[in-house]
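The stops below go residue by residue and strand by strand.

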Amino acid sequence: DDTGEVKVGELKNGKLEVVAKGKAHKGGVQAVFVSPTGKSFLTVSKDREVKLWSLTDLKPESLTELRSWSMPVQVNGAAFAPDGQMLALGLEGGAV
């Protein structure tokens, strides 16, 4: 959302239940990408940071950051390789 908070939820009986949440970024979160392995997810923010988070170590009031990158320009998109081991970022101005 615009506050930089991310919530992770599970669908149970057709209802979404928040199982973890936390402040992920200083700026608003632009996008979330789940790795094909299901073990992590990536957030892209207005603060030009890209962060990788764990989906295997969820806590109700915090997220476990695995890695972060500060980018020189806005990130407009991202994609994981099918095995989840590589990442491509689409940057403002057309760079990848």
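**Stop 1**

Select serine 40 and look across to β5: serine 54 stands opposite. Keep in mind that this is a predicted model.

β4 covers residues 40-45 and β5 covers residues 49-54. The two pair in the antiparallel sense, over five bridges. Move along to leucine 42. Its bridge partner in β5 is leucine 52.

Next, go to the turn. Three residues lie between the strands of the β4 and β5 hairpin. Click on arginine 48 there: its phi is positive, near 70°.

**Stop 2: both faces of β5**

Hide everything but β5 and show side chains. Which residues point which way from this strand? Glu49, Lys51 and Trp53 point one way. Val50, Leu52 and Ser54 point the other way. Bring the rest of the model back and check the cover. Six of the six residues of β5 are buried.

**Stop 3: the aromatic pair**

Select phenylalanine 41 and tryptophan 53. A search of the whole structure finds one aromatic pair, and phenylalanine 41 with tryptophan 53 is that pair. The rings are stacked, with 6.4 Å centre to centre and 20° between the planes. The stacked label applies because the planes are under 30 degrees apart. Trace the chain between them: phenylalanine 41 sits in β4 and tryptophan 53 in β5, twelve residues apart. Are these two residues buried or exposed? Both are buried.

**Stop 4: the open sheet**

Zoom out and select four strands. They form an open sheet in the order β3-β4-β5-β6, with antiparallel pairing. The edges are β3 (29-34) and β6 (65-70), and each of these pairs on one side only.

Step from β5 to β6. These strands pair in the antiparallel sense over five bridges. Select valine 50, and find tryptophan 69 opposite in β6.

**Stop 5**

Finish with residues 5-12, strand β1, and residues 15-23, strand β2. How many bridges join them? Eight, in the antiparallel sense. Click on lysine 7: the bridge partner in β2 is lysine 21. Then visit the turn, where two residues lie between the strands. Asparagine 13 takes a positive phi there, near 55°.

Terms used
Residues are numbered from 1 along each chain as its sequence is written. This is a predicted model: local features need pLDDT of at least 70, side-chain atom pairs count only at pLDDT 80 or more; totals for chains, interfaces and linings use all residues. Side-chain values use heavy atoms; hydrogens and water are left out. Rings of Phe, Tyr and Trp (its six-membered ring) pair if their centres lie within 6.5 Å; planes under 30 degrees apart count as stacked, over 60 as edge-to-face and the rest as tilted. Buried means under 20% relative accessible area, exposed over 50%, partly exposed in between (1.4 Å probe, protein chains only). Two strands pair if DSSP finds at least two bridges between them.
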